[in-house]
Amino acid sequence: MDPQSTPDLSTPASSLPLSTVAVVGLGTMGTGIAEVLARAGREVIGIDTDEAAARQAVATLEGTTARAVARERITERERQDILARFRTFTDLQAAADADLVIEVVPEDYELKRQVFAGLDAVVRPDTILATGTNALSVTRLAADSQRPERVLGVHFFNPAPAMKLVEVVSSVLTAPTAVAAVTALAHDLGKDPIAVGDRPGFVADGLLFGYLNQAAAMYEARYATREDIDAAMRLGCGLPMGPLALLDLIGVDTARTVLEAMYADSRDRLHAPAPILGQLAEAGLTGRKAGRGFYTYEAPGSATVVPDAESPSSTDEQSAGRTVSSVGVAGSGTMASGIAEVFAKAGYKVVLAARSLEKAETAKARIAKSLGRSVDKGRMSAEARDTALASITPAGSLDAFADVDLAVEAVAEDLAVKQELFQALDKVCKPGAVLATTTSSLPVVACARATSRPEDVIGMHFFNPAPAMKLVEVVRTVLTADDVHATVRAVCAKVRKHPVDCGDRAGFIVNALLFPYLNNAIKMVEEHYASLDDIDAAMKLGGGYPMGPFELLDVVGLDVSLAIEKVLHAEFRDPGLAPSPLLEHLVAAGCLGRKTGRGFREYARR
């Protein structure tokens with residue numbers, strides 16, 4: 001065989017079945033990919049210079065297939081066939097007859113280059129060589145290969161047997177037939193492949209790691225605890241894991257490597273690795289695999305978190321709070337109605353005040369419909385519904401707040417409007433009443449300074465829809481009294497919400513981490529790197545997100561999103577936070593998302 005010979009690139013993809021696949025590197029990811037291939041009927045050649053790793057890979061496959069038999073997902077005969085299709089070796093020579101080779105060795109360019117050089121010497125001229133990298137340059141690896149037209153990236157997600165997404169990465173040198181063959185294989189494996197170009201992080205990790213980096217920086221700045229940051233993103237965005245727990249799962253060192261590559265390519269400060277990532281990596285505190293990272297684990301490799309010096313104590317003392325038995329909610333929109341419903345169901349007496357009695361009664365009628373749906377679904381009794389409704393008193397003026405213990409405003413996200421309202425609350429509410437704003441982006445202290453009692457003012461950022469969402473961001477200013485903070489946390493517990501503490505700065509926790517990620521997704525489209533559909537699919541299938549970024553933007557509203565982006569950019573002055581021009585253009589055109597029938601996508605008018 002002449003390794004210098006030129007392969008026939010005219011061969012149609014349909015005649016490239018890729019029936020024999022070599023996997024080089026039998027760590028967690030390599031073993032997972034090997035399992036996926038073997039289950040799909042491919043002959044799998046597992047190669048690792050470490051014999052122990054090869055044995056562990058076989059043992060892992062034996063274990064997963066045994067569990068599949070026990071759960072009646074496959075038969076014992078099928079299990080034996082799968083195991084027979086997986087053979088392990090310690091030398092690259094074993095890949096000589098492979099149709100496709102996938103390398104998943106550690107993220108080190110020189111190591112990967114050596115693997116490709118070794119493969120060049122043994123594989124057939126038509127063999128496709130794929131790298132599993134998510135941070136290094138596929139183009140550079142291809143250029144250093146003797147057959148660059150047959151080199152591409154194939155990025156599986158961990159755990160490979162469960163995750164549906166596969167990113168198929170082309171360099172400018174990759175032959176279309178190679179891409180087509182690997183894409184067809186991914187479909188045969190039951191995966192959802194998306195085609196992407198060669199840049200660090202590709203789509204999913206390109207968006208994910210910037211977000212993880214910002215979460216690490218937020219923790220490093222001691223803006224919020226690790227527990228509150230993780231809870232905020234799980235409960236506020238519906239993510240399967242919080243960002244710091246996810247960094248521990250991925251590996252702090254791996255995350256730093258990916259971010260270094262992303263920053264070298266983009267020079268975006270949002271991709272510059274947070275110093276704490278380097279500090280943890282240098283100390284060997286690389287996450288679950290080391291038994292300690294942002295959290296401490298029961299043992300290396302364990303997923304069980306154990307208490308450490310940073311863990312919150314159940315005996316942490318707080319100042320005594322104030323008594324709250326009645327609550328005033330100012331506003332008549334969806335958010336105000338939802339918050340009033342939350343308090344009423346928890347047994348509080350609620351005064352729901354709007355600009356007119358008619359608006360307040362309309363808001364109460366909205367609550368009645370919501371509670372009725374809960375009764376129809378068996379989530380509450382008719383008696384509980386009636387009790388909750390009876391506890392809500394609609395009012396056409398803030399004067400009705402004279403005796404409430406807690407006043408919560410949920411009016412328009414306009415600072416002048418909120419300040420005027422707080423001036424009115426200051427005059428109406430009794431001494432000692434707690435005054436709360438539900439703002440998601442405006443400075444709470446600006447509302448506090450509109451009163452003569454700023455120590456009584458705090459932020460209570462509920463998430464929409466308030467009855468369903470468990471999170472409340474509790475935002476204390478530099479003037480907020482300790483007993484006011486304690487009161488609001490106690491109230492959150494009574495209404496069955498999860499409070500997270502944060503300081504009074506733009507975006508608080510959730511929006512400060514969420515909207516830069518959304519903005520970066522828009523930039524990907526703006527740069528023609530990937531399509532809306534592929535980006536949404538990548539984040540849902542590869543990141544476990546409940547919605548893709550463009551689905552979410554259209555739900556939130558592009559005007560709302562732009563306003564939040566502008567607030568973040570104005571406060572932090574980071575060029576990477578500047579709103580995408582595409583977002584600004586869509587808003588200027590009146591394309592605001594679902595509410596107008598058109599945003600990033602078009603929607604049927606109701």
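Predicted model: local features only at pLDDT ≥ 70, side-chain atom pairs only at ≥ 80, totals over all residues.
Helix 18 (residues 510-526) packs against helix 19 (residues 532-543) at an angle of about 140°, and their axes lie 9 Å apart. The two helices are therefore oblique to each other, since angles count as roughly antiparallel over 145 degrees. Their crossing is right-handed. On the helix 18 side, the contact is made by Tyr517, Ala521, Met524 and Val525, which meet Leu532, Ile535 and Met539 of helix 19. By class, this contact has seven nonpolar residues, with no polar and no charged ones.

Turning to charged pairs, the whole structure holds 32 salt bridges. In one of them, Arg322 pairs with Asp483, with the closest N and O atoms 3.0 Å apart. Arg322 sits in the loop between strand 10 (305-306) and strand 11 (326-330), while Asp483 belongs to helix 17 (residues 482-494), so the bridge ties together parts that are 161 residues apart in sequence. Arg322 is partly exposed, at a relative accessible area of 23%, and Asp483 is partly exposed at 23% as well.

Another salt bridge joins Asp405 to Lys430, where the closest N and O atoms are 2.7 Å apart. Here too the pair links distant parts of the chain: Asp405 lies in the loop between strand 13 (392-395) and strand 14 (406-409), and Lys430 in the loop between helix 15 (415-428) and strand 15 (434-437), 25 residues apart. Asp405 is buried, with a relative accessible area of 12%, whereas Lys430 is partly exposed at 30%. Elsewhere, salt bridges with shared partners join Asp99, Arg124 and Asp126 into one network.

Notes: Residues numbered from 1 in each chain as written. Heavy atoms only, no water. Axes fitted to C-alpha atoms, helices over the stretch in contact; angles between N-to-C directions. Helix = DSSP H or I, 4+ residues; strand = E, 2+ residues; numbered from the N terminus. Parallel < 35°, antiparallel > 145°, perpendicular 65-115°, else oblique. Left-handed = near helix turned anticlockwise from the far one by under 90°. Contact = heavy atoms within 4.5 Å. Nonpolar A, V, L, I, M, F, W, Y, C, P; charged D, E, K, R; others polar. Salt bridge = Lys/Arg side-chain N within 4 Å of Asp/Glu carboxyl O. Buried < 20%, exposed > 50% of the residue type's maximum accessible area, 1.4 Å probe, protein only.
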